[in-house]
Structure formats: structure tokens, C-alpha cells
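Colleague: I would like to learn how to read pockets, cavities and helix packing in a model. Please take them one at a time.

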Amino acid sequence: MACAEDSHVLEAVSDAREMANFVLIGDGDKIRMAAKEANANIDGMEIVNEPNVETACAYAVKLVSEGKADALMKGLVDTSIILKAVLKKEAGMRTGRTLSHLAVFEMPTYHKLLFVTDAAINIAPDLNGKREILQNAVEAVNNLGIVNPKVALLAAKEKADPKMPVTMDAVELKAMNIANCIMDGPLALDNAVSKESAEIKGINSPVAGEADILVCPNIESGNVLYKSLAFLGGGKNGGVVLGAKKPIILTSRADSAESKLISIALGILSGRN
């Protein structure tokens, strides 16, 4: 964890100590003080004293890039600073693939885990960007043990319409036959998660009502969907950034301790081989 002087995140780290070992990088005294404030148990965890924010991020990235750690986690530092450290060519974390955010939800109204991408990183991805976002998500979900996840390419309608470029992108993505998933689109959200809705509209699709992954066309739709599921739908959730050499766990101070814990678990599991 880069800049680990964050009591809220250390609380989640303490809860996750049985699933992973943590290297806490930052101002050592402040890390211990923050842990005490949060009543977080960090006994036995390695603490690397590096008070400088940029240097702490660079060192954390170096450990992950060199294979000495399996995931990178953000502490008390701006997302832009840690991602800048990740994207430096000499850091060795870049893969050439687009970075993207993957969220997971456990909804009281849905019969299985639901994944949403991309709600946080890419503003208006082009067709190739959407393909890479989709590949990132499929590989991560495969690593979670979900074989051939059902992918819904979301749009505002179910039929291709040149007046709605998002629907045309969905048609092209579907034609790419991306491996290790079952994909369909364009699909509206109701058709993706409700078999009844799909039947009423006469939609015959293996994805309809059974979607595992919802691929949003842009950051606005993704962000609104994410927050609707979390704040209005009561979904338990976590998120991770994919596309780098290893997963990047980015949590917000607004996230609950439970959400942070889920994010840690998702980062660990989504990056395993």
C-alpha cells in the first residue's frame, strides 16, 4: 500500500490480514498513529518508512512490477499521483492495454454477483478501448472462477441504429467473438438483468436476464449505474483497476469499511493466474 497513513483503509487492511500479507509504505510514525486511531491490527506487517508521497508511490509500484507484491493499493494519496507512478514507462507496470475500472455488486434484487465496467477511468472509449475494457473484465471474472461469463453490451435500445453510435459499437464488439465469455448487445439494462422484460420485448438471448458483466458505453452511464446500485439499490460493492501488470486497488474515503474489504478481495483474486 502506497501512503498507508490512512486510518480508514488500515481498518480494512486489518480485517483482510487473514487473506493477504501487506507491505505498508509511507511515514512510519503516522502509519502507526493511524492504525491506533482506527484500532487496526497491523502487528507483523512490514512498514517501509518513506514520508515523500511520490517516492512512496514509486516504491510501491516497483515492488509490484518486480513481482515482490501481487497487487498495488492506494492509501492517503490522490488517485492521479499513484496512477502517474503506474504509467511511467520505466516503472514496468504498463502492458499496452487500456486501464479500466471493474466494480462488483452483490444485490438484494439479483440472483448472482453483478460486475460493472467502466465507471471510473475511461470517459468516452472508442471501439478499441471498449474491446480492451471488455477483455480486462472477462479475464478478471474468469480469475474469480466464473467460466464464460455472460456479457451485456449496454445501450438505450436493443436494435442497431446508426443514429445511436453506441448500438453500432455493440454490434461490432459482438462480432469480434472475444474468447472466454458469452456476449450480446446492444441490450438495454432491463433486458440484461430481467428475463421477464426480455420475454415481453421478444428478445431471445443467452445473456438476457443472466448478465454477469454490464459493459457501459461511457463514464457517465457507468458512474450513474454504479452509484444507483450502491446508494439506491443497497448493493454491497467493491472495485479494482485492471489493465496494468497487476491489479490496482483504489478506494475512496467515502467507501465503507466493508466496501474497502471487498475491493481488497477483488484485487487479490482478479489478478491471480
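Modeller: Among the elements lining the second largest pocket, H3 gives the most, three residues. This is a predicted model, in which local features need pLDDT of at least 70 and side-chain atom pairs count only at pLDDT 80 or more, while totals for chains, interfaces and linings use all residues. Residues are numbered from 1 along each chain as its sequence is written, and side-chain values use heavy atoms, with hydrogens and water left out.

Colleague: What is a pocket, and what is a cavity?

Modeller: Both are found on a 1 Å grid over the protein atoms alone: in a cavity a 1.4 Å probe fits but cannot get out, whereas a pocket is an open set of points with protein on both sides within 12 Å along at least five of seven lines; lining residues have an atom within 4 Å of a point. Points are joined across faces, edges and corners, and the volume is the space filled by probe spheres set on them. Here the second largest pocket has a volume of about 420 Å³. It is lined by 23 residues, with Asn21, Phe22, Ala69, Asp70 and Ala71 closest to its centre.

Colleague: Which residue classes make up the lining of the second largest pocket?

Modeller: Ala, Val, Leu, Ile, Met, Phe, Trp, Tyr, Cys and Pro count as nonpolar, Asp, Glu, Lys and Arg as charged, and the others, Gly among them, as polar. That lining has 16 nonpolar, three polar and four charged residues. The largest pocket, of about 510 Å³, has 10 nonpolar, 12 polar and five charged residues in its lining.

Colleague: How many cavities are there of 30 Å³ or more?

Modeller: The count is two. The largest has a volume of about 70 Å³, and H6 supplies the largest share of its lining, four residues.

Colleague: At what angle do H3 and H4 pack?

Modeller: Helices (H or I, at least four residues) and strands (E, at least two) are DSSP runs, numbered from the N terminus. Axes are lines fitted to C-alpha atoms, for helices over the stretch in contact, and angles between N-to-C directions run from 0 to 180 degrees. Helix H3 (residues 53–65) and helix H4 (residues 79–87) pack at about 45 degrees, with axes 9 Å apart. H3 is therefore oblique to H4; under 35 degrees counts as roughly parallel, over 145 as roughly antiparallel, 65 to 115 as roughly perpendicular and the rest as oblique.
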